Amino acid sequence: MASDVRLKEQLPRLTDRIVASYTPDDGINHLGHCPLPSYEGIVEILLDIKDVLYPGYRRRIGLHAGNIVYHVGSIIDSLHDKLTTQIARALRHEDRVRNSHSDCESETDYEAKGQAMAIELLERIPDLRKTLATDVQAAYDGDPACQTTDEVVFCYPGVEAVTVYRIAHELVQLSVPFIPRMMTEWAHKQTGIDIHPGAKIGKYFFIDHGTGVVIGETCDIGDRVKLYQGVTLGALSFKTDDDGSLIRGQKRHPTIQDNVVVYANATILGGKTVIGHDSVIGSSVWVTQSVSPNTTVVLEKPDLKVRGGGKASSPAESGSYQI
């Protein structure tokens with residue numbers, strides 16, 4: 001059955017109705033000559049940086065001592081230009097929003113500021129690689145199913161999400177607006193792991209399995225911490241001012257000290273909540289108050305009813321608390 005060409009006559013009127021809805025105060029349009037950072041451009045930057053962080057594992061194979069300098073040099077040169085452009089756009093947009101002006105004219109040289117921030121991020125790559133090497137090692141050491149660190153780099157969503165987080169966190173420390181959140185939300189979509197770029201996370205960090213993990217903006221996580229899937233490190237409540245608006249900039253999320261393990265689907269909430277070092281938080285618990293160091297927190301053993309086929313295993317038979 002052929003389509004009715006006459007129905008297309010209403011499309012110009014529909015277009016006019018849609019465009020008429022693009023009002024300055026609707027909050028979901030960006031019209032003008034000042035471009036925002038490009039989503040595709042930011043993803044391309046992440047892929048380029050990961051090529052430098054993990055040479056030989058990503059888009060380019062066959063790297064060796066004879067071509068690595070050219071390969072990395074070419075990427076770094078391209079990253080300089082891409083980062084400068086995208087950071088300058090983010091800085092200009094933040095200035096327009098904060099100062100409520102709608103044009104692109106400003107005495108500020110955003111390109112120069114963007115270039116300085118881009119260079120500083122690139123300068124941090126060697127130290128970033130050292131930190132990520134500890135994360136990869138933590139994944140290998142913490143998962144008996146893992147055969148090599150190569151498998152960690154290729155296959156583990158936790159390492160993928162943490163890699164993007166660590167790049168984005170460096171940009172947060174450089175006061176780059178907007179872009180860090182774009183990066184970590186892309187990683188969230190790819191892995192199911194939601195890490196706010198403002199969180200502070202120490203070395204040897206491992207997220208096992210990973211799906212459903214949420215780490216809030218003001219979390220402070222120490223060294224050698226291990227999280228399993230479904231863990232939430234969130235806010236207990238949101239304080240509001242006299243007008244009912246959220247009060248921002250306060251610590252809302254927990255502190256996790258060194259050598260803590262948090263098992264699947266545990267929920268830890270509140271800015272004043274501190275999980276002491278060398279503690280274990282069991283699966284599916286709900287923690288809203290601080291826990292002393294060297295403490296294990298678990299739910300009471302449920303009373304399982306098994307019909308047919310034998311009886312439920314005793315605690316001694318069930319083995320250690322691992323997945």
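This is a dialogue about how the terms used for this structure follow from their definitions.

Trainee: What kind of model is this, and how are its residues numbered?

Mentor: It is a predicted model, in which local features need pLDDT of at least 70 and side-chain atom pairs count only at pLDDT 80 or more, while totals for chains, interfaces and linings use all residues. Residues are numbered from 1 along each chain as its sequence is written, and side-chain values use heavy atoms, with hydrogens and water left out.

Trainee: How many helices and strands does the protein have, and what makes a run count as one or the other?

Mentor: Helices are DSSP runs of H or I with at least four residues, strands are runs of E with at least two, and both are numbered from the N terminus; the protein comes to 8 helices and 14 strands.

Trainee: What makes a set of residues a nonpolar core, and which residues touch the most other members of the largest one?

Mentor: A nonpolar core is a set of buried Ala, Val, Leu, Ile, Met, Phe, Trp, Tyr and Cys residues joined through side-chain atoms within 4.5 Å. The largest has 43 residues, of which L53, L83, I87, I179 and M183 touch the most other members. Elements that give two or more residues to this core include helix 2 (39-53), helix 3 (68-99) and helix 8 (179-191). Beyond four places in sequence, L83 touches I45, A88, A118, L121 and L122. Apart from this core lies another, of 27 residues, among them I215, V262, A266 and I281.

Trainee: How do you know that strand 5 and strand 8 pair?

Mentor: Two strands pair if DSSP finds at least two bridges between them, and 2 bridges join strand 5 (residues 220-221) to strand 8 (residues 255-256), which run parallel. Within this pair, D220 stands opposite T255 in strand 8.

Trainee: Which strands stand at the edges of the sheet, and why?

Mentor: The open sheet has 4 strands in the order 2-5-8-11, with parallel pairing. Strand 2 (200-201) and strand 11 (274-275) each have a single partner strand, so one side of each is left without a neighbour in the sheet, and these two stand at the edges.

Conventions:
Buried means under 20% relative accessible area, exposed over 50%, partly exposed in between (1.4 Å probe, protein chains only). Contact means heavy atoms within 4.5 Å.
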